[in-house]
Amino acid sequence: MTDNRTLRWLLFGYLALVFVFIFAPILFSVIFSFNSDRFPTIPLGNFTLKWYQTVWNDPDVWEAARTSLTVSLSTATIATALGFATAYTDYRYSFRLKPIYLGLILLPPTIPLIIMALAMLAWFAKLGISGQVMSIIIAHSVLTAPFAMAIIRLRLSQMDPSLEAAAWNLGANEWSAMRRVIVPFCKPAIISSFCLTAAVSFDEFAISWFVSGLNKTIPVIILEIVTGNIDPQVNAIGSFVFLVSMTLVIIAQVVLMTRRKKEN
Amino acid sequence: MVAPLVEFRSVVKRFDDFVAVEDVNFTIDAGEFVAIMGPSGCGKTTTLRMLAGLEAPSEGEILMDGRVMNDVPAHERDTPLVWQSLALFPFLTARENVEFGLQMRGVGAAECRRRALEWLDRMEILEFADRDISSLSGGQKQRVALARSLVIEPRILLLDEPLSALDANLVIRMQSVLTRLQRELGITFVYVTHSQSEAFAMADRVVIMSRGHISQIGSPKDIYRAPANRFVAEFVGRNNIISGTVTKTTAKTVTIEGSLGSFTVQTGRHDAPRKGDLARFVVAADLAQVAVKQPKSGSVIPCTLISEEFIGSVVTLFLEAADGSELKVQLQERELSKMDLKSATTIYLNWADEHGHYIGVD
Ligand SMILES: Nc1ncnc2c1ncn2[C@@H]1O[C@H](COP(=O)(O)OP(=O)(O)OP(=O)(O)O)[C@@H](O)[C@H]1O
Ligand SMILES: [Mg+2]
């Protein structure tokens with residue numbers, strides 16, 4: 001009995017430590033973003049919104065935010081559409097080269113980011129489209145489509161295989177069945193995949209840094225500020241980025257989970 | 001002559017090299033209740049799916065109203081199917097599920113709603129119209145599935161083991177719902193099942209399939225009393241199958257001699273046994289009798305009692321004949337209580353000659 005109890009406390013403590021390691025830096029970043037001292041030291045100075053004001057008044061940050069938003073929304077749309085199409089192809093058809101097809105689709109996340117970024121840069125330069133917002137969008141779509149595909153494919157695998165045929169049987173042609181049955185069934189997965197790919201794109205640094213040219217995204221501008229000098233503005237932007245990403249990820253989780261609960 | 005509603009002409013279905021349905025020929029008339037029965041994997045669902053246009057026949061033709069349907073896509077056929085898994089749309093309410101087929105046919109929203117509610121009412125589940133599918137019980141889902149198929153007013157309804165997921169009480173209830181519906185609507189039902197009791201209780205005609213081909217088509221009574229071959233005799237169960245050699249033939253009977261003696265049995269219309277052929281015949285267990293004194297008439301086999309099995313008021317006796325073959329007889333418990341079988345050394349299995357049916361060898 002006591003053994004059991006000790007073990008439980010030990011495990012609990014371990015879990016708590018893991019969370020501390022993961023979240024402490026972020027927490028401190030948030031705390032220091034409200035701290036009046038220029039250097040992150042303890043004891044803290046006064047509470048201030050000055051860093052947020054600086055950020056707010058910085059046109060470069062605004063420009064980067066706009067770019068990041070455009071990129072992440074476009075990426076999410078393209079990646080989710082691609083992911084849906086590939087997942088449906090996998091669900092619907094069986095063909096001989098399917099393992100290769102799946103392997104190719106799921107490949108991008110396994111390539112080291114830096115290599116992918118360099119390759120993208122070289123490729124875009126050759127095509128003459130480097131340094132544009134569009135190039136970041138294309139690169140991010142390639143990177144995140146596999147996530148979208150994985151999420152939607154999982155959802156399709158939970159579908160009663162007769163469901164689509166049932167729609168045909170009731171008079172729906174292929175398109176109506178897709179619109180009225182497959183898409184509504186996959187809706188939770190489509191929403192979460194949209195949120196997750198948007199979050200990944202919003203946070204992504206390496207590729208953005210290589211291919212963005214003058215169109216800096218938020219992570220790129222953060223690095224620029226940090227390399228210049230130590231500036232608590234970074235904490236303010238960081239807190240904002242963290243908030244956006246967490247919101248997207250939480251929406252994705254909640255959408256997937258409530259749906260599952262309802263169906264059981 | 002009116003063309004039958006459905007006709008299968010030499011239909012074959014192959015999946016790669018595997019033959020799932022082999023040279024199937026049969027017709028279904030309008031208004032009939034046909035059951036397709038057979039063991040798992042014999043091709044029942046495949047046959048039904050071909051009728052619905054969800055699989056294309058590899059060979060042969062399927063006709064409806066005399067029109068070849070092979071190239072008509074599934075969504076242009078009015079052949080709604082009640083699925084084994086029900087395949088209700090989980091993201092729609094009961095009413096929206098029922099409306100689906102109407103919407104696909106371009107029926108206006110108000111009319112869709114009216115007709116959907118009318119059918120839900122008819123299936124006695126109107127109060128659940130706006131419930132999510134996941135919150136309904138098995139029997140309620142079943143009724144939604146039926147309403148969804150019937151609301152489009154088809155001439156034929158296909159059902160693939162629709163009751164297999166329900167508990168025994170509910171099965172009986174739904175059976176009566178189905179037979180009543182079929183009579184009231186006057187439409188054709190094609191009902192796939194591997195339950196003999198479901199098929200025999202509801203169908204006008206039963207198609208028995210085995211390994212992709214049809215073993216027998218007939219009324220439940222025909223199939224039960226005069227199985228056409230050994231497969232059917234064993235499949236419907238409780239039959240004694242006895243083999244021997246043909247020694248004599250007449251227009252309607254054949255005499256078969258084997259290790260248990262010589263027996264005269266009935267032949268069917270299409271049978272043509274010849275002298276010297278190897279042959280089998282069946283005697284239904286419930287048409288045979290037992291006696292402790294040697295009976296004077298009919299066919300007789302002396303046996304010893306091995307075991308008995310009680311199910312309700314029906315008793316099945318398992319007997320062993322002189323050559324070691326096992327025979328069965330089924331009788332009412334009160335008949336049995338009149339006899340003293342326990343002390344008898346020999347029990348005589350006995351049946352009237354018209355209860356023996358020739359089945360040939362296959
Ligand atoms: N799409 C398919 N690809 C390959 N083989 C198939 C396919 N569909 C069915 N089969 C095979 O065809 C045979 C008949 O299948 P079918 O589903 O018609 O059987 P069934 O009589 O309905 O059986 P059950 O009572 O188990 O439902 C089976 O052996 C099955 O494995
Ligand atoms: Mg089946």
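Predicted model: local features only at pLDDT ≥ 70, side-chain atom pairs only at ≥ 80, totals over all residues.
Let's start with chain A. What does its secondary structure come to? Eleven helices, that is, 11 helices and zero strands. As for its extent, the C-alpha trace of chain A spans about 70 × 70 × 30 Å along its principal axes.

Now zoom in on two of those helices. Find α7 of chain A, residues 162-169, and then α8 of chain A, residues 174-203. Their axes come within 9 Å and cross at roughly 140 degrees. What do we call that? Angles over 145 count as roughly antiparallel, and α7(A) and α8(A) are therefore oblique to each other. The crossing is right-handed, by the way.

Who's touching whom? On the α7(A) side we have A:L163, A:E164, A:A167 and A:W168, and they meet A:E174, A:A177, A:V181, A:I182 and A:F185 in α8(A). Sort that contact by class and you get seven nonpolar residues, two charged and no polar ones.

Hop over to chain B for another pair. Helix α2 of chain B, residues 94-104, packs with helix α4 of chain B, residues 138-150, at an angle of about 25 degrees, and their axes are 7 Å apart. Angles under 35 degrees count as roughly parallel, and that's why α2(B) and α4(B) get that label. This crossing is right-handed. The contact uses B:A94, B:N97 and B:V98 from α2(B), plus B:V144, B:A147 and B:R148 from α4(B). By class, that's four nonpolar, one polar and one charged.

Stepping back, chain B is divided into domain 1, 6-225, and domain 2, 238-361. How far apart are the C-alpha centres of those two domains? They lie 39 Å apart.

Last stop: where the chains meet. For chain A and chain B, about 1,900 Å² is buried between them, with 64% of it on carbon and sulfur atoms. Within chain A, the residues losing the most area to chain B are A:N169, A:L170 and A:R180, together 39% of what that side buries. And in terms of contacts, 20 residues of chain A touch 23 residues of chain B.

Note on methods: Residues numbered from 1 in each chain as written. Chains lettered and ligands numbered in written order. Heavy atoms only, no water. Domains from an automatic or database assignment. Axes fitted to C-alpha atoms, helices over the stretch in contact; angles between N-to-C directions. Helix = DSSP H or I, 4+ residues; strand = E, 2+ residues; numbered from the N terminus. Parallel < 35°, antiparallel > 145°, perpendicular 65-115°, else oblique. Left-handed = near helix turned anticlockwise from the far one by under 90°. Contact = heavy atoms within 4.5 Å. Nonpolar A, V, L, I, M, F, W, Y, C, P; charged D, E, K, R; others polar. Buried area = accessible area lost by both parts, 1.4 Å probe.
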